[in-house]
Each structure stands twice: as structure tokens, then as C-alpha cells.
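Q: Here is a model I'd like to explore with you. Could you take a close look at one part of it, and then follow its surroundings outward?

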Amino acid sequence: MKRRDFLKSTGIIAGAGVVIPGVYGSVYAKTSYINNSFDLVAIKGGEPDAMFDESIKQLGGMSSFVKKNQTVVIKPNIGWDASPERGANTHPKLVKRVIEQCYNAGAKEVYVFDHTCDDWRKCYTNSGIEKAVSDAKGKMVPGNSESYYQDVEIKAGKSLKKAKVHELILQSDVFINIPILKNHGSTKVSLSMKNLMGAVWDRRFWHSNDLSQCIADYAAFNKKPSLNIVDGYYVMKRNGPRGVSVDDVVLMKSQILSTDIVSADSASAKIFGVEPSDISHIKIANSMGLGKMDLNSLNIKRITL
């Protein structure tokens, strides 16, 4: 659906549930002050919201990332028309609690979007995320039109030199990345860096120009997530990224938090059962100096609920 048609059909001006990009201001990101004692938090054994409540404390609380009156954009994985139990999308309980914590920290607005693979309306609804966002007073934003994306330069990129990035990523003060941990047919696993493919418009270029290098290149873009929260509650172990049925999923009740996107993905890969060095885009990003793959060099807080 075109942007103009969408505006008409939804009556967004009259206050429909999904907000259109471009109507919320144009302030570029400010750097969040982060007061954390640990490089990474690994937690397991609880519900997604309870694990986040406990783990964010170890990084100084949400107020370390979100300040009063700041605008926040959250990028979960909402790529697939599938229920939460299928493990294809980020768990809605986690998305809801992150939004609530942002508002508790004083956020002015919290936006949520994804450039989905299946029909975006079905993805938003059937993932349970649209309701979770509404319940938490956040704002769902579509990502289905090229008009929402702006050209940026990836100065450090080797294969990916430019991209069209959703304007919310560029305009919000704080960017929080909430991928789900799962199998992926092309990259073995889908994690924090892979989730950022849903923040751009032209993903076809990535697939045809060394996908792993492009994933690592985009991680070098200067608008990086302030926080990466890897959802490992329902983990799709095969047939990713969409999966076939709940038989593909293992209940692992785990979660990883880190400001270092390479470290977050390295720890999550270990949970999945693969070595970070066996994942090409993690290895490349590490070699580009975008974060630390060596978990032994990190100060990790491990929690079991």
C-alpha cells in the first residue's frame, strides 16, 4: 500500500493505532548516558518480561539509556505472519515491558516498527506485538513503503556503501534493538546484526553482494543501537527464519543484553549451540573492530531466575 493511500484508508489523522513516519519531529539522535557495570548480562529461567526487569538492573536500569523527554525507536523482529509460540518473531511480552520501562524512565514517545517479509498488517497483528505495543501506550509505525526510508552512507562498509534507512532510526534519540534468537538458512543464526536488515529498505542488494559482509558493514553505520536485547525465550532451532511449526522450537527461556552488538551475538550464538567464530558476519564484524567476539574478555553477569 502506498503512503498516501494508507493515510486515507487508516484515517491516521483521526487517531488510528498505527502512526505514520514523518509526523513526529526531526530531531537527530543524542547520545545516551550509559552507567553499566557489566559488558553483558545473560539471564535464563523466567518469563520474557521478568527476565528483562532483572537484567536491565545490572546495566544501571533503563534510565541509563533513556532520559526524560527523549524519543525512542524499538526494532523487534516482526518479520513473519506467525504466532509467538512459533519463535519467528520477538516475544510480545518482552516488547511490552521494554516500552513500559522506557516510559518509566521518562521517554516522551516510543515507536515500534519492522520492515516485514510477510504482509505487514498480518505480521503486526498475529505476532501479538501490535497489541503489546498498544497496551504499553507505544506507537506502531509501518515500514512497508520506500518513502519512509532515507539514503545514508556507510563510510566503513566494504560491500555495503550505502543504504536506505527508516527515518525513525535516524530521527529518534534512542534506538533499541530486540532481535529473536533463531536459525537462519543463509547465516546459520539470526541475531542482533541480522535483525537490522529490517531497518533498511533494499535487502535484495545484501543477499546478492556477500550477505555476511553486508550485515557486518551495516553494523558500522554510525546510528548504532544503544542497547541490544536478544530474545531467547522460544528458540527456532531449524527451518529458519520463518519456521514451519512449533516442532521447530525449543523453550530455552533465555535473554542476552549488551551495548556491544558483536558481544551480544557471540553470546547468543553460544546459547544456540554454535561457536561465534563459525558465524561469518560475527567473525567479520569482530575483525572490523565493531565489537568483541571473545567472551573471555568480557565482564559478564550471569543470572538464573
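A: Let's start with Asn 69, which sits in the loop between α2 and β2 (71-76); helices (H or I, at least four residues) and strands (E, at least two) are DSSP runs, numbered from the N terminus. Asn 69 has a positive phi of about 70° although it is not a glycine. Most residues other than glycine have a negative phi. With a relative accessible area of 47%, Asn 69 is partly exposed; buried means under 20% relative accessible area, exposed over 50%, and partly exposed in between (1.4 Å probe, protein chains only).

A word on the ground rules: this is a predicted model, in which local features need pLDDT of at least 70 and side-chain atom pairs count only at pLDDT 80 or more, while totals for chains, interfaces and linings use all residues. Residues are numbered from 1 along each chain as its sequence is written, and side-chain values use heavy atoms, with hydrogens and water left out.

Now to the helix on one side of that loop. Helix α2 covers residues 48-57, and its buried residues are Pro 48, Asp 49, Met 51, Phe 52, Ser 55 and Ile 56. Why do they lie on the same side of α2? They span an arc of only 155° around the axis, which places them there; the arc is taken from the directions that run from the helix axis to the C-beta atoms. The cover over these buried residues includes β1 (40-44), α3 (92-104), β10 (227-236) and β11 (249-258).

Gln 101 belongs to α3 and is buried, with a relative accessible area of 16%. Setting aside neighbours within four places in sequence, Gln 101 is in contact with Phe 52, Asp 53, Ile 56 and Met 62, where contact means heavy atoms within 4.5 Å. Phe 52 and Ile 56 are two of the buried residues of α2. Asn 104, also in α3, is exposed instead, at a relative accessible area of 67%. Asn 104 and Val 66 are 38 residues apart in sequence and 9.4 Å apart in space, C-alpha to C-alpha.

In soluble globular proteins, nonpolar side chains tend to be buried together. Beyond residues up to four places away in sequence, Ile 176 touches Met 62, Val 72, Val 73, Ile 74, Lys 75, Val 98, Cys 102, Leu 227 and Ile 229.

Tyr 218 takes us to a gap in the packing: together with Phe 175, Leu 196, Ala 219, Phe 221, Lys 223, Lys 224, Pro 225 and Ile 261, it lines the largest cavity. On a 1 Å grid over the protein atoms alone, a cavity is a set of points where a 1.4 Å probe fits but cannot get out, while a pocket is an open set with protein on both sides within 12 Å along at least five of seven lines; lining residues have an atom within 4 Å of a point. The largest cavity has a volume of about 50 Å³, a volume being the space filled by probe spheres set on grid points that are joined across faces, edges and corners. Its lining has seven nonpolar, no polar and two charged residues; Ala, Val, Leu, Ile, Met, Phe, Trp, Tyr, Cys and Pro count as nonpolar, Asp, Glu, Lys and Arg as charged, and the others, Gly among them, as polar.

β1, β11, α10 (261-272) and β12 (300-304) each supply at least two residues of its lining. This pocket has a volume of about 280 Å³ and is lined by 15 residues, with Ala 42, Ile 256, Ala 267, Ile 271 and Arg 302 nearest its centre. The lining divides into nine nonpolar, three polar and three charged residues.

One more stop is the loop between β10 and β11, where Pro 241 lies. A cis peptide bond joins Gly 240 and Pro 241, with omega about 15°.
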